Amino acid sequence: MHLYLHIPFCRQACHYCDFHFSTNQQQRRAVVEAMAREIDLRHTYLPAQTPLQTVYFGGGTPSLLTEAELTYLLDAIHRHFTVEPDAEITLEANPDDLADAAHLAMLRRYVNRLSIGIQTFDEATLRWMNRAHNAAEAEACVPRARDAGFENLSIDLIYGISETIWPRDLDKALALDVPHLSAYNLTIEPDTAFGRWMAKGRLTSVDEALSANQFAELVTALKAAGYVHYEISNFARQIGSTVQYARHNTAYWQRRPYLGIGPSAHSYDIQSRQYNVANNALYVKALHEGAELTDVPSEREALTPADQVNDYLLTGLRTQWGCQLSELDALLGASFSAEQATTLAQLTQTGWLVQTENSLTLTESGKLFADRVASELFVG
């Protein structure tokens, strides 16, 4: 089983980010206490007596947490769950929060994996994106994390920004020799600073051809460096007999149940999804005053067999494992390949999809059109 905790606070708002967060830190302690209360109320969402395989602190910026706040949440987790001895416990971190050796040492006492949001090593681009860290911190954070005892490290990068910056970013990322790397195309969401700039004509849309070329450069460079390209945006090294997949995110892509705690967090139990309110004040008020599970402000969506098929297509096709036809058949209650024979043939002829006896996987060119391929295979 898998547990996600959303820490909805950041020092400043990145111009591209549309996740739920607040730059006002005044409610942080109250939110942490409410999250512990939600764990008390909702731990039965996951099957009893089933150990947690992963715990993920996302956000927002979880590396802002103090030791008292982190232990408060972990104490609540351990009150209700057994955590496997080798569980992956990940915390998303900004490079500026990893500049202090004492803070890094504290984090290492409680978590065993860091996912570091570097995004770029270019100083001017960091300022343009309104990131809280600088280029020197971006380059220093991985060695500092290693010095603190972290071996399981992942870094995030963004491409599609500039023709000249990306090759340098890629070279610097490879020089860090981390076991896991995630890279995402710059996207302009409407309710962000970039989205508002674009609406006013101050920013042009992302160049799709540039992004496609830089994605190809990324894949080629990382494969040559020995990384396994196991999900469209994710690459992992094999260390010994183990490929350093992001185990928590892989659980999402493989339709494993998970419980989400915190404002805006999602939960999934295969038959339904639950969405917590994306409002810190409402969340805190409900959790501090409410005594019943129904007092957690959220929405629930029951998933039909068609929903489950479509979810599986959308996530499974992004991975190296693809979608198993036997699982699609079981979810649909009919032969998926028979019902979608015409579309499957068209996508195969286009060169975007490979169909074997029991699987559907994207080709290298198909990975550029993953969402389109999935949507064309959706069932009604």
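User: Does glutamine 119 count as buried or exposed, and at what relative accessibility?

Analyst: This is a predicted model. Glutamine 119 sits in strand β4, residues 113-119. Buried means under 20% relative accessible area. Glutamine 119 therefore counts as buried, at a relative accessibility of 8%.

User: What is the phi of glutamine 119?

Analyst: Most residues other than glycine have a negative phi. Glutamine 119 is not a glycine, yet its phi is positive. The value is near 70°.

User: Where does asparagine 130 lie, and what is its phi?

Analyst: Asparagine 130 is in the loop between α4 (123-129) and α5 (135-147). Asparagine 130 counts as partly exposed, at 24% relative accessibility. Asparagine 130 is not a glycine, but its phi is positive, at about 65°.

User: Which residues of helix α15 are buried, and why do they line one face?

Analyst: Helix α15 covers residues 370-377. Seen down the axis of α15, the buried residues fall within an arc of 95°, so they line one face of the helix. They are Ala370, Val373, Ala374 and Leu377.

User: Which elements do the buried residues of α15 pack against?

Analyst: The partners include both helices and strands. The helices are α11 (305-316), α13 (336-339) and α14 (341-350). The strands are β15 (353-355) and β16 (359-362).

User: Which strands stand at the edges of the open sheet of three strands?

Analyst: The order is β14-β16-β15, with antiparallel pairing. β14 and β16 pair over two bridges, and glutamine 324 stands opposite serine 359 in β16. Each edge strand has a single partner, so one side of each is left without a neighbour in the sheet. The edge strands are β14 (323-324) and β15.

User: Which element supplies the largest share of the lining of the second largest pocket?

Analyst: The second largest pocket has a volume of about 580 Å³. Its lining has 18 residues, and Tyr159, Asn185, Lys367, Leu368 and Phe369 lie nearest its centre. β6 (180-185), α8 (208-224) and α15 each supply at least two lining residues. The largest share, four residues, comes from α8.

User: What feature does UniProt place at residues 1-228?

Analyst: Over residues 1-228 the chain is 42% helix and 21% strand. The end C-alpha atoms are 25 Å apart. The unreviewed UniProt entry names the feature "domain: Radical SAM core".

Definitions and conventions
Residues numbered from 1 in each chain as written. Predicted model: local features only at pLDDT ≥ 70, side-chain atom pairs only at ≥ 80, totals over all residues. Heavy atoms only, no water. UniProt positions renumbered as here; feature names shortened; annotations may be inferred. Buried < 20%, exposed > 50% of the residue type's maximum accessible area, 1.4 Å probe, protein only. Arc of directions from axis to C-beta. Contact = heavy atoms within 4.5 Å. Pairing = 2+ DSSP bridges. 1 Å grid on protein atoms, 1.4 Å probe; cavity = no way out; pocket = protein on both sides within 12 Å on 5 of 7 lines; lining within 4 Å. Points joined across faces, edges and corners; volume = space filled by probe spheres on them.
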